[in-house]
Amino acid sequence: MSDSKNSNTPVDAQRRRVLMGMGAAGVALAGSALSCPAMAAGEAQVAEAPKSDKTQDRHDYHGMHQSGIVTPRPAAGMMVAFDVLAADHKDLERLFKLLDQRIKFLMTGGEVQEIDPKLPPVDSGILGPVVTPDNLTITVSVGASLFDERFGLEHAKPKHLIQMVGFPNDALEPALCHGDLTLQFCSNTPDTNIHALRDIVKNMPDLLLVRWKQEGTVPAQAPKKPSEPAESARNFLGFRDGSANPDSNDNKAMDAIVWVQPGSEEPAWAANGSYQAVRLIRNFVERWDRTPLQEQESIFGRKKITGAPFDGTTEHDVPDYHKDPEGKLTRLDSHIRLANPRTPESQANLILRRPFNYSNGVNKNGQLDMGLLFICYQANLEKGFITVQTRLNGEPLEEYLKPMGGGYFFTLPGVKNDQDFIGRSLLQASKTKNA
Amino acid sequence: MKKSPLALLLSLGLLHAPVSAFAADNSALDLVQPISDYKIYVTDELDKLGTQTQAFTDAIKKGDLEAAKKLYAPTRVHYESIEPIAELFSDLDASIDSRVDDHEKGVTAEDFTGFHRLEYSLYSEKTTKGLEALADKLNNDVKDLQTRVAGLTFPPEKVVGGAAALMEEVAATKVSGEEDRYSHTDLYDFQGNVDGAKKIFELFKPQVQKKDAAFVTKVEKNFGTVDKILAKYKTKDGGYETYDKVKDADRKALIGPVNTLAEDLSTLRGKLGLN
């Protein structure tokens, strides 16, 4: 878990390979190794593992805030929602302590314990005998249902935490919604995330039950020269996603937008936590790909190639809607204008988007089931995601989208040190009931 | 049923078992008694399966739909309880117990036979018509199974490992209610699997107790929880409610102990020193 006061880059990232090793890209890496004579030491074999020099990258587990929020997205993400099977408050404490222990190990890496081969191995073995952190973050959040009568947490519920209610364009599938607890896994490769999930599933069968899971990716780009501005990754509609995100390295901005502050209207235990909104949004990509470019662009309000607003040249240029009150240049109902009208009032509705693209197979009619694993963080769920999404209700983009799952959760404050553990402040608050 | 250890070894064919199947330490001989007891249990369950399958298939051939439906679940339960042994004969397991989703062509697949094929006609098509051949085949397959099991040397690792295998069955197909998708009689199978696992655990408990008493306590507690929840759905005639009656909270409450039993019992072979 990284303190927002610290750098968000991985411990081992000084070599600036951040963009290079965007892991989805195992394949891309292997390919580049072959095409680059300097790197190709001997002929590679078919079965050889793709090479990555980022497997030792890791994030500190301890910090004021959990990592995986203002941390730059690696190439692979996975959101897993669980039902908590713990019987009571004491059992819930056992859950959090065990989870703390597992996450600490997985994010740090290390040797897997060898045991009597007559017994099942303690680790799935996916990453070999030594677990590599591979840039892994595991972010723990809790749903409104955790605050029901089971654990005596009723009085400790964050003020705005509710079970997600469907928006008009939603077609929510119950099996893909809500949950008592979510774990957001992010790392360089899907395999590292899967290894971590299987570790937790194996170690906590009596405490956690997987409710739904969605994996996603972020497409990698070639490294930029230092003089070139950073570019946001693209979603499966081919547009840059998150161009208008607040600066995740600006601690002041993050305190205002993302982190619940001490002394706020929220329960004291929730300070340094954040609200997590998750949406599984299917994209009708065949239909989108049959839509004229200029229409795609006017629906979004941005140029597709550069990501720039219509009155700018780069994606980070800020559109000036004052000069376009009737929406002649940027439609009034375009996605970016509704989402962020750039008024003084709408500054209160800023959110930090941290989405992944998902691809799940094929629907019955032969259409591709893919879209966005939307994840965003904010200090106030009502002012943040709910207000933004409400403004977007009825937007023209809806014709190409169908949200079918997700939920609202509260991301717990970070783990300060070895004496602390994830969820401790929540458990203590509920004991004293003066949260 | 009391026999001398040597007679047991002979009658069970254990003397033919490869020596390596047993751990090198002297506790290996401790396993002879429980394995012979397990064979007695399996034989007994198979006898019941044989008798009841005869009655079940007779009812079908007589065209008595209601009687056949009544006998379906209580008959199957004896198969479910001994699955670790029954599954050793994969051809019979497929023809007796395969489910519709094991067949690409679904209910029309020619090799879709056995309990679930009959279940489909009895509960979904609501008829006994045209099932004579399927009924005869099931009856013959069960008899075949009895003969083959009688001549089988029980492999110790399959017997001990069967406890975990049965709980894996529950976790994978019973909790979801997909096993008996037409009759919704999953709770019978559920109990059959759990009873079968518990039987194995009970037989080897004395050996494990010596090595890991805390393990025994934990496993017994989880079996207790499962039994307690299942008992809520027992009907007056000794049967079970249909699976759709099981409350969501109870389904959820079953999953933790079931998964934990599968996890814990997967160490039983190792704890007994079996390869």
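Is K328(A) buried or exposed? With a relative accessibility of 72%, K328(A) counts as exposed, where exposed means over 50% relative accessible area, buried under 20% and partly exposed in between (1.4 Å probe, protein chains only).

The legends below describe a predicted model, in which local features need pLDDT of at least 70 and side-chain atom pairs count only at pLDDT 80 or more, whereas totals for chains, interfaces and linings use all residues. Residues are numbered from 1 along each chain as its sequence is written, chains are lettered from A and ligands numbered from 1 in the order in which they are written, and side-chain values use heavy atoms, with hydrogens and water left out.

**View 1. K328(A) and E326(A) form a salt bridge.**

**View 2. A salt bridge joins K104(A) to D100(A).** The N to O distance is 3.9 Å, and the two residues stand four apart in helix α2 (residues 89–108) of chain A, so that about one helical turn separates them; helices here are DSSP runs (H or I, at least four residues), numbered from the N terminus. K104(A) is partly exposed at 25% relative accessible area, whereas D100(A) is buried at 5%.

**View 3. K271(B) and D212(B) are paired in a salt bridge.** Their closest N and O atoms lie 3.1 Å apart, and the pair links distant parts of the chain, with K271(B) in helix α12 (residues 268–271) and D212(B) in the loop between α9 (186–211) and α10 (213–231) of chain B, 59 residues apart. Both ends are partly exposed, K271(B) at 23% and D212(B) at 24%.

**View 4. A network of salt bridges in chain B includes R76(B), E80(B), D97(B) and R99(B).** Among its other members are E169(B), K174(B), R181(B) and D189(B). Over all chains, the count comes to 51 salt bridges.

**View 5. M167(B) belongs to the largest nonpolar core, which has 75 residues.** Such a core is a set of buried Ala, Val, Leu, Ile, Met, Phe, Trp, Tyr and Cys residues joined through side-chain atoms within 4.5 Å. L145(B), M167(B), F190(B) and L265(B) touch the most other members, and α9(B) gives the most to this core, with ten residues. Leaving aside residues up to four places away in sequence, M167(B) has contacts (heavy atoms within 4.5 Å) with residues including V194(B), F223(B) and L261(B).

Note on methods
Salt bridge = Lys/Arg side-chain N within 4 Å of Asp/Glu carboxyl O.
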